[in-house]
Structure formats: structure tokens, C-alpha cells
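Reader: Please show me the structure first. After that I will ask about the labels.

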Amino acid sequence: MKFVILPAILLSLTGCSQSLDDYQQMQPKLTLPGFFSGSSQAFGVLQNWRGQQTLHFSAELCGQWRGNQGDLYEIFQYSDGRTDKRHWQLQVAENGEISGSAEDVVGKASGRISGNTLYWEYVLRIPQVDGSIDVAVKDWLYLVTPQQLVNRSTLHKFGLTVGELTLSIQQQDPAASCAEFIQRYQQTQRSAPAA
């Protein structure tokens, strides 16, 4: 029996590159107001271009929506002791297209939802000891249960992959108010990278 299963698994791993439209029928359906409402918790690892883990981190999130416009607040705690934060301002169109902006995103983020999957791209400005570096981010988000989402990102500079990020997000309380979290977000100071 395992000799039949193994080729099937190998075939599923060796197909062509993925297309967002391939996931149109995948369940559960992802909606940003449905998943990124109220409080969430996330855990992730960052790997360099060699595949070596360079950092791991945890994050707290809180989202609130007015129709198809949303605010998503994130506070990150990194394994090297740094703290970071991000405030996404999100817009969802009727056709599933997504746009967003944040203080450390250069220009606009843009993408689209299909089935249980969101793909979007943006340029992230990452602080360095002697300034900052801009990297292009390609984000794939997969809703695996109504309360659990897996995010895989690749980071690119000059067309080359310089890092990968794997993130798991667990929705905690979709009805939670973000008022106290926003106050804490505003009081949170970003830590400078270690020299």
C-alpha cells in the first residue's frame, strides 16, 4: 500500500509552480475581515538564503474592520531581543483584490484572494545598524482551518532570494475589541538592531 501512496505524494510535490487560480475551490474560504478580526497570536522563523534559521519570533495581532476597510495592528518580539510593530491599512475589493499600506512598506502592497489562499507582494524596508534595506516580499497565506492560517514568504533583493519566512497565525477571539491593544501598540517602541 505504501508503494502506491509514495508516488502520489511525490507527484503532488513535483508539479509546476503554483497559480493562485489553482486554489479557487479550496476550503475553508479565506476572507480578511473574517480571519483578521479581533485578537490573534503568531509564531514564526526566519531563514537566510542558505536555509539556516537566523531568528524566531512571536507576535500579537488585533484587527478591526469597517466594511471592506480594515486596520491590522501587529507587535513582534524577536529572539535577539528586538521589538517591532506594524500597522496595516487594508482594502478588500469585491473581486478579491487586496491592497494595503504600512509605515515600513514602500508604496502599496497588492494581491488577490482565491479560495483559501491570499497571494500578495510588497517592498519592505528593514532597519539595519547603518540605515535600512528594501526587500521585495512575496507572501502566500493559506487558511487551513477557520482559526488557523499558515504564511510562507520569500524575500528578494536584486532578483535573488535572500530569505524565507514561515509563520503560523492562530485566531484567538474574533469579537475582541482592539482599543487596549491599539494603546499598547502606540506605546511600543521599536528596538534598534544589534550592532
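Author: One term to start: buried means under 20% relative accessible area, exposed means over 50%, and partly exposed lies in between (1.4 Å probe, protein chains only). This is a predicted model, in which local features need pLDDT of at least 70 and side-chain atom pairs count only at pLDDT 80 or more, while totals for chains, interfaces and linings use all residues. Residues are numbered from 1 along each chain as its sequence is written, and side-chain values use heavy atoms, with hydrogens and water left out.

Reader: Why does Phe158 count as exposed?

Author: Its relative accessibility is 76%, and the cut-off for exposed is over 50%, so the label applies. Phe158 is found in the loop between strand S9 (148–157) and strand S10 (160–173). Its phi is near 55°, a positive value in a residue other than glycine. Strands here are DSSP runs of E with at least two residues, and helices are runs of H or I with at least four, numbered from the N terminus.

Reader: How do you know that S5 and S6 pair?

Author: Two strands pair if DSSP finds at least two bridges between them. Strand S5 (residues 97–101) and strand S6 (residues 105–114) have four bridges, so they pair, in the antiparallel sense. Gly100 stands opposite Ala109 in S6. Both strands belong to a closed barrel of ten strands, running S1-S2-S3-S4-S5-S6-S7-S8-S9-S10 with antiparallel pairing.

Reader: Which strands does helix H3 lie across?

Author: Helix H3 (residues 179–187) lies across strand S2 (53–66), strand S3 (69–78) and strand S4 (83–92). Its direction is at about 55° to S3; such angles run from 0 to 180 degrees between N-to-C directions of axes, which are lines fitted to C-alpha atoms, for helices over the stretch in contact (heavy atoms within 4.5 Å).

Reader: What makes Glu60 and Arg184 a salt bridge?

Author: A salt bridge needs a side-chain nitrogen of Lys or Arg within 4 Å of a carboxyl oxygen of Asp or Glu. For Glu60 and Arg184 the closest N and O atoms are 3.0 Å apart, so the pair qualifies. It links distant parts of the chain, with Glu60 in strand S2 and Arg184 in helix H3, 124 residues apart. Glu60 has a relative accessible area of 36%, so it is partly exposed; Arg184, at 35%, is partly exposed too.

Reader: Why are Asp104 and Arg86 called buried?

Author: Asp104 has a relative accessible area of 11%, and Arg86 also stands at 11%. The limit for buried is under 20%, so both residues are buried. Their side chains meet in a salt bridge (2.9 Å, N to O). That pair joins the loop between S5 and S6, where Asp104 lies, to Arg86 in strand S4, 18 residues apart.

Reader: What makes a group of residues a nonpolar core?

Author: The members are buried Ala, Val, Leu, Ile, Met, Phe, Trp, Tyr and Cys residues joined through side-chain atoms within 4.5 Å. The largest such core has 34 residues, and Phe36 and Trp88 are among those with the most contacts inside it. S2 supplies the largest share of this core, five residues. Another core lies apart from it, with seven residues, including Cys62 and Phe181.
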